Amino acid sequence: MSKPLTILIGALGGDGGGVLCDWIIAAAHSQGLGVQATQIPGVAQRTGATTYYVEVMPGRGPREAVLALNPAMGEVDIALATELLEAGRMIFNGFVTPDRTTLIASTHRVLSIGERAAMGDGSFDVGRLLRAVKERSKSQILFDMEQTAEESGGVINAVLLGALAGSGKLPIPDTAFEAAIREGGKAVDTNLAAFAFGRGHARGELEQAVREHRKRQAAAQGVEDLIERARSSFPGASLDVIEEGIRRLVAYQDRGYATLYLDRLSGIDAAIVRDVARHLAVRMSFEDVIRVAQAKTSRERLDRVRAEVRAKPHEPLVITEHFKPGNEEIAAILPPWAAHWLLAGRKFHFSMHVRSTTIWGFARLRFLASLRWWRPHSWRYIEEQAEIGRWLEQIRSAQALSVELAREIAESARLIKGYGDTYKRGLDNYRRITAEVIAPALAGRMAPRKAADAVANARVAALADPDGESLDRTLAAIAA
């Protein structure tokens, strides 16, 4: 007997998972295929997705087969996820398997409640997620479907349907999926465009266009030689992160800063260079008022906001920026002597509302953004470069003892982010872990494997508790 083709869909609220399921059912019915679907409600906001389970019986009518209502572990042929962590949930729950499952997922992230509430950088490691996706599924179709939806003017569920059609895993022609979208009667033209984009990505038709775009982007930034240097110096598995780091740091500061980035990665073990490169790019592009002004006045940001609110080209758009700078934010861009004087005084903040879509508001922000040339002379820049240098030296020293220890030290960079109190707490916790765990380990007073576990446990404790009590207990246990 023929077995049904099983499809599991994980969608966040607002991603249109129910509509996607309806499109698949309508397309299957149009081809005379037996089909059945069930919905498993999720939790509100970002603590859980709504899942949909569909079974399609090739060549059989609906009365000739008994179809299941729920997915079974190890028996899913196609898994669809509108966000990367939802693909990870499917893998964790055993529905995605390397002997059977084709995984089709968007690579963009929507942070969960736990990730947003965590101390420091609580976001799940995207690199590990992608490794799990590639190791635990038979085949994969992965790309940023949110960006594709924006480019096509459609929505993510139509992109996902196009990727499903492009995979060729269902005995349903493209025309049947397109007819289902038309029958739905909502935003037909934009959904068909998004469907075509998704199908093109799945079939590799857009890969060359993407490569050409990135080549033009590199040429515009004048970093082709830096990217070529990266490709000749680092393993292929790390190049996506390193190339993005180069582009990020050129936009953040200049070519010389991106060159420093590559210089700093020299000598890092190939097994961990991807992880180090990711954290290093983030640490080198630390947040200050210059960076905020750059982001607020970028053309890409204005286009994105217009797309999000669906403003037509002729319609006016008003954006009001809310700022609350204090002495710490101001000190960050002052020379060290002035910063120390300002920080020694009483803390203060003041509220500002700036309309960045007016000439005066935009000009104020562009003036701040133009101070990139001054950044290397600022107190925050000098402090950050010194901290980064010490962190990299710890990683290099740890490599001689254990790659895993070096990896955990690299991951400790997750503690340091933002500015103000968040930055201070993270930096203080990092320094405590350095003094009480990392330094003894590098001095040979702890076995490398135990040291790696100790650094990981201390980092997790620091991220879990803003009051520091969990870190106190963990460090006391390690010392004992």
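Which side chain does R231 meet in a salt bridge? Hold that thought for a second.

What we have here is a predicted model, where local features need pLDDT of at least 70, side-chain atom pairs count only at pLDDT 80 or more, and totals for chains, interfaces and linings use all residues. Residues are numbered from 1 along each chain as its sequence is written, and side-chain values use heavy atoms, with hydrogens and water left out.

Okay, back to R231: its partner is E228, at 3.4 Å from N to O. By salt bridge I mean a side-chain nitrogen of Lys or Arg within 4 Å of a carboxyl oxygen of Asp or Glu. Both residues sit in helix α10 (residues 224-233), three apart, so about one helical turn separates them. Helices here are DSSP runs of H or I, at least four residues long, numbered from the N terminus.

How covered up are they? R231 is partly exposed at 44% relative accessibility, and E228 is partly exposed too, at 46%. The cut-offs: buried is under 20% relative accessible area, exposed is over 50%, and partly exposed is in between, with a 1.4 Å probe and protein chains only.

Now look at R390 and E387, whose closest N and O atoms are 3.1 Å apart. They're three residues apart in helix α19 (residues 379-399). Here R390 is partly exposed at 46%, but E387 is buried at 3%.

Next, E328 and K424 form a salt bridge at 3.9 Å. E328 is in helix α16 and K424 in helix α21, so this pair ties together parts 96 residues apart in sequence.

Overall, the structure holds 26 salt bridges.

Key: Helices (H or I, at least four residues) and strands (E, at least two) are DSSP runs, numbered from the N terminus.
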